[in-house]
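I set down each point as I looked it up.

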Amino acid sequence: ERGLIWSKFLVRDADRTVEVEIPGGQLGEHTQVVSEHEPPGDGNQIVVATHRKGPHAWAFLRDGVVYGGSLGDGPAIQWE
């Protein structure tokens, strides 16, 4: 998409599975790293805020602190 590789990750919990899109990744022989958008690894704890329209927002969760991730355009994660 306009020179940017996007990676898709499936995030599962006990109730459902959602897909998050993260800038950067690997496409054939090319690897792209987008600063401040470190992708999650297997077993990482993350918070996902689902949106009715557009991509879901996500961030890492460590020791009760939400940081990094890809919050996308618009407001930060809103708790309901």
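Entry 1. Through how many residues does a hairpin join β1 to β2? I found that the hairpin runs through 4 residues. I note at the outset that the model is predicted.

I then looked up how these strands pair. Strand β1 covers residues 6–12, and its pairing with β2 is antiparallel, over 7 bridges. Within this pair I located tryptophan 6 opposite proline 23 of β2.

Entry 2. I turned next to the open sheet. It has 3 strands in the order β5-β6-β7, and the pairing is antiparallel. Why is one side of β5 and of β7 left without a neighbour in the sheet? Strands β5 (46–49) and β7 (65–70) are at the edges and have a single partner strand each, so one side of each lacks a neighbour there. From one strand to the next, I recorded an average twist of 35°.

For β6, residues 57–62, I noted antiparallel pairing with β7 over 4 bridges. Phenylalanine 60 has tyrosine 67 of β7 opposite it. As background, I recall that strands of a sheet pair through backbone hydrogen bonds, either parallel or antiparallel.

Entry 3. Which residues make up the largest nonpolar core? I listed 7 residues: Val11, Val18, Val20, Ile22, Ile46, Trp58 and Phe60. The elements that supply two or more of its residues are β2 (17–23) and β6. Of the elements, β2 gives the most, with 3 residues.

Apart from neighbours within four places in sequence, its contacts are Ser7, Lys8, Phe9, Val11, Val48, His56 and Trp58. In general, nonpolar side chains in soluble globular proteins tend to be buried together.

Entry 4. Serine 7 is placed in strand β1. Is serine 7 buried or exposed? Its relative accessibility is 19%, and the cut-off for buried is under 20%, so serine 7 counts as buried.

I also looked up the polar surroundings of this side chain. A polar atom of the serine 7 side chain lies 2.6 Å from the backbone oxygen of glycine 24. Leaving aside neighbours within four places in sequence, I recorded contacts of serine 7 with Val20, Glu21, Ile22, Gly24 and Gly25.

Definitions and conventions: Residues are numbered from 1 along each chain as its sequence is written. This is a predicted model: local features need pLDDT of at least 70, side-chain atom pairs count only at pLDDT 80 or more; totals for chains, interfaces and linings use all residues. Side-chain values use heavy atoms; hydrogens and water are left out. Two strands pair if DSSP finds at least two bridges between them. Axes are lines fitted to C-alpha atoms, for helices over the stretch in contact, and angles run from 0 to 180 degrees between N-to-C directions. A nonpolar core is a set of buried Ala, Val, Leu, Ile, Met, Phe, Trp, Tyr and Cys residues joined through side-chain atoms within 4.5 Å. Buried means under 20% relative accessible area, exposed over 50%, partly exposed in between (1.4 Å probe, protein chains only). Contact means heavy atoms within 4.5 Å. A polar contact is a pair of N or O atoms within 3.5 Å; within protein, one must be able to donate a hydrogen and the other to accept it, and residues adjacent in sequence count only if both atoms are side-chain atoms.
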